[in-house]
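User: Hi! I'd like to talk through this protein with you. Could we begin with the aromatic rings?
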Amino acid sequence: MSDADSMTVFNRRRVRAHRDRAAAGWSGFDFLKTEVVGRLVDRLADIKRDFRVALDLGCHGGEVAQALAAVPSIAQVVATDLSPRFAAEAAKRMPGLPTVAADEEFLPFAEGSFDLVVSALSLHWVNDLPGALIQIRRALKPDGLFLGAILGGETLFELRRSLMEAEMGLMGGLSPRISPMAEVRDAGGLLQRAGFALPVVDSDMLTVSYPHAFRLIQDLRGMGETNAVLASRKAMSPSGLFTQAAERYQELYPDGDGGIEASFQVLYLAGWAPDESQQKPLRRGSAKLRLADALGTEEINPLRGGN
């Protein structure tokens with residue numbers, strides 16, 4: 001298998017189709033996006049600098065662009081989405097917002113186009129996340145900022161287990177039914193690999209209550225977040241699979257009020273396009289004070305031993 005093949009996890013045409021389908025009824029399913037955008041954009045309040053031109057990457061209904069419109073220093077926001085229908089929906093919600101339908105894996109922007117790139121709940125669907133991050137870094141001006149939020153590997157662990165146990169019981173085997181997602185321990189390395197300076201990663205676990213598993217699946221469909229893994233089973237699911245999974249879900253993860261709990265792990269990523277003005281670690285051996293002096297203790301050379 002080639003390196004390119006090993007990175008092809010998702011059927012991007014299916015991802016686009018799911019998002020196109022979700023765009024028409026998005027206002028009934030945008031609660032998770034709205035919550036995450038609020039938490040993501042709040043991080044800008046702690047950064048004391050101006051960002052004149054910003055990109056809303058993977059815009060859905062334009063929630064990031066709407067939030068950035070309230071930031072005084074931002075003069076222009078451009079929005080883009082893999083789904084042409086979502087790009088049109090964002091333009092409808094914000095008349096005058098420049099929008100373009102574009103693939104996050106092939107960004108159509110010149111190097112150094114933006115001071116700020118914000119992406120909320122979109123990049124977990126790209127096949128080559130390191131490559132997409134490299135393109136984002138190139139689209140930023142020197143000392144430009146990337147803020148991203150993606151779903152992490154603990155997302156929907158309850159549904160994953162319930163489906164796995166039901167499928168093993170009925171079929172004696174497994175098919176990937178929930179998309180693989182990045183782990184928090186890997187996210188910082190991805191930013192460094194893409195060439196970002198001063199990378200920071202943190203995470204939240206958002207818990208949502210549902211009356212039953214079928215309502216959760218309905219919401220995932222409405223959010224455009226249903227399975228698009230290339231290796232998923234192509235045949236029809238066996239009769240009773242989802243009913244059995246829903247029953248198991250209720251047994252394993254009740255919310256204490258007659259319903260169930262569903263977890264969404266959100267990873268928040270931040271990194272800067274490199275610039276000479278940024279702080280840099282000291283060169284090895286350049287310290288002017290010995291650690292032993294700072295600690296008020298005696299330095300012992302391990303090659304010579306102590307006194």
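User: How many aromatic pairs are there?
Analyst: This is a predicted model, and the count in it comes to seven aromatic pairs. In one of them, the ring centres of Tyr249 and Tyr253 are 5.8 Å apart and the planes sit at 80°, so this pair is edge-to-face.
User: Are Tyr249 and Tyr253 buried or exposed?
Analyst: Both Tyr249 and Tyr253 are buried. Ring pairs also link them with Phe157 into a cluster.
User: Okay, what about charges: which ring does Arg43 lie over?
Analyst: That would be Tyr268: Arg43 lies over its face, 4.1 Å from the ring centre.
User: New topic! Which residues have the most contacts inside the largest nonpolar core?
Analyst: That core has 54 residues, and the ones with the most contacts inside it include Val36, Leu68, Phe264 and Tyr249. Strand S7, residues 260-272, gives the most to this core, with seven residues.
User: And what does Leu68 touch?
Analyst: Leaving out residues up to four places away in sequence, Leu68 touches Val41, Leu44, Ala54, Ile74, Val77, Leu116 and Val118. There is also a second, separate core of 26 residues, with Leu57 and Phe146 among them.
User: Now helices. At what angle do H9 and H10 pack?
Analyst: Helix H9 (residues 213-222) and helix H10 (residues 241-252) pack at about 110°, with their axes 9 Å apart. Angles of 65 to 115 degrees count as roughly perpendicular, so H9 is roughly perpendicular to H10.
User: Which residues make the contact?
Analyst: From H9 they are Ala213, Phe214, Leu216 and Ile217, and from H10 they are Phe242, Thr243, Ala246 and Tyr249.

Terms used
Residues are numbered from 1 along each chain as its sequence is written. This is a predicted model: local features need pLDDT of at least 70, side-chain atom pairs count only at pLDDT 80 or more; totals for chains, interfaces and linings use all residues. Side-chain values use heavy atoms; hydrogens and water are left out. A nonpolar core is a set of buried Ala, Val, Leu, Ile, Met, Phe, Trp, Tyr and Cys residues joined through side-chain atoms within 4.5 Å. Buried means under 20% relative accessible area, exposed over 50%, partly exposed in between (1.4 Å probe, protein chains only). Helices (H or I, at least four residues) and strands (E, at least two) are DSSP runs, numbered from the N terminus. Contact means heavy atoms within 4.5 Å. Rings of Phe, Tyr and Trp (its six-membered ring) pair if their centres lie within 6.5 Å; planes under 30 degrees apart count as stacked, over 60 as edge-to-face and the rest as tilted. A charge sits over a ring if NZ of Lys or CZ of Arg is within 6 Å of the ring centre and within 35 degrees of the ring normal. Axes are lines fitted to C-alpha atoms, for helices over the stretch in contact, and angles run from 0 to 180 degrees between N-to-C directions. Angles under 35 degrees count as roughly parallel, over 145 as roughly antiparallel, 65 to 115 as roughly perpendicular and the rest as oblique.
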